[in-house]
Amino acid sequence: MPDFKRPNALLDVQTHYCPGCTHGIIHRLVAEVIDDMGIEGETIGVCPVGCSVLEYNYFACDMMQASHGRSPAVATGIKRANPDKFVFTYQGDGDLAAIGTAETVHAAARGENITIIFVNNTTYGMTGGQMAPTTLPGQVTQTSPYGRNTNTDGFPVKVCEMLSTLDGVAYAERVMVADPKSVNQAKKAIRKGFEVQKNKQGFSIIEVLSTCPTNWGISPQKAIERLKSEMVPYYPLGVFKDCSVRNKE
């Protein structure tokens, strides 16, 4: 059995994430995929505004900071200027599905050959736990103290389902990181997203259901249980679109 060690694409530093947050697991999976494919020197990541705003301190590959919600637009420019590089964004639900909705949708509609890692924890994590576009019906947040009311607040945005209707999207899958089996599946999905880009097949998005024990106000263990019992029924796991067999030149 091989030794369990830090991926080369992940720097040996302490992260700022709260205890029990699954950003660290997702970071590791992205780094492992970069290592496995041997593309660290050919990869450029784009940081969002949100909990993962400081991820440029954690990855060993080149990283670029984007304004709030603009990561897909920045990634588009990087990829078009450097078509042989691997370009990925790493974004939370507030960044991607609120202020960045237009950039996300239009990058997908254009079929930009980039890979998006979308972390969905149903809340605005960095700014204190406000209601997000992905907040579940009835979920209590700082700005929905009586629970999200769909009559006044509308319904959560199901990003993978929405984007899978667009012709430019080659691959869309939703996974979670709640146990060893799901972590392994999440890594396979992230690897698939990078392979789609390698083969110049278009836009790919991997949505990862994640936890936020701090803003949910529960323990890390309870947060994992909530992810499985409340989030997965509303945000079902699986592949929503896979056109990776097509030949897009």
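Reader: Which strands does helix α7 lie across, and at what angle does α7 run to β5?

Author: Helix α7 (residues 180–198) lies across β3, β4, β5 (169–176), β6 (203–209) and β7, and runs at about 165 degrees to β5. Angles run from 0 to 180 degrees between N-to-C directions, with axes being lines fitted to C-alpha atoms, for helices over the stretch in contact. Contact means heavy atoms within 4.5 Å, while helices (H or I, at least four residues) and strands (E, at least two) are DSSP runs numbered from the N terminus.

Reader: What kind of model is it, and how are residues numbered?

Author: This is a predicted model, in which local features need pLDDT of at least 70 and side-chain atom pairs count only at pLDDT 80 or more, whereas totals for chains, interfaces and linings use all residues. Residues are numbered from 1 along each chain as its sequence is written, and side-chain values use heavy atoms, with hydrogens and water left out.

Reader: OK, what is the strand order in the sheet?

Author: The sheet is open and has 7 strands in the order β2-β1-β3-β4-β6-β5-β7, with mixed pairing; two strands pair if DSSP finds at least two bridges between them. The twist averages 15 degrees from one strand to the next.

Reader: And which strands stand at the edges?

Author: Those are β2 (62–65) and β7 (238–242), and because each has a single partner strand, one side of each is left without a neighbour in the sheet.

Reader: Is β1 buried or exposed?

Author: In strand β1 (residues 43–47), 5 of the 5 residues are buried, so β1 is largely enclosed by the rest of the structure. Buried means under 20% relative accessible area, exposed over 50%, and partly exposed in between (1.4 Å probe, protein chains only). Both faces are covered, with T43, G45 and C47 buried on one side and I44 and V46 buried on the other.

Reader: How many bridges join β1 to β3, and which residue partners T43?

Author: β1 and β3 run parallel and are joined by 4 bridges, with F86 of β3 as the bridge partner of T43. β1 also pairs with β2 in the parallel sense over 4 bridges, where C47 has Q65 of β2 as its bridge partner.

Reader: What about β3 with β4?

Author: Strand β3 (residues 86–92) pairs with strand β4 (residues 115–120) in the parallel sense over 5 bridges, and T89 stands opposite I116 in β4.

Reader: Changing topic, how do α2 and α4 pack?

Author: Helix α2 (residues 71–81) and helix α4 (residues 101–110) pack at an angle of about 35 degrees, their axes being 8 Å apart. P72, A73, T76 and R80 of α2 make the contact with E103, T104, A107 and R110 of α4.

Reader: Last one, where is R28, and what does the side chain of R28 reach?

Author: R28 is in helix α1 (residues 23–37), and with 18% relative accessibility R28 counts as buried. The side chain of R28 reaches the backbone oxygen of K5 at 2.6 Å. Leaving aside its neighbours within four places in sequence, R28 is in contact with F4, K5, R6, P7 and L10.

How values were computed: A polar contact is a pair of N or O atoms within 3.5 Å; within protein, one must be able to donate a hydrogen and the other to accept it, and residues adjacent in sequence count only if both atoms are side-chain atoms.
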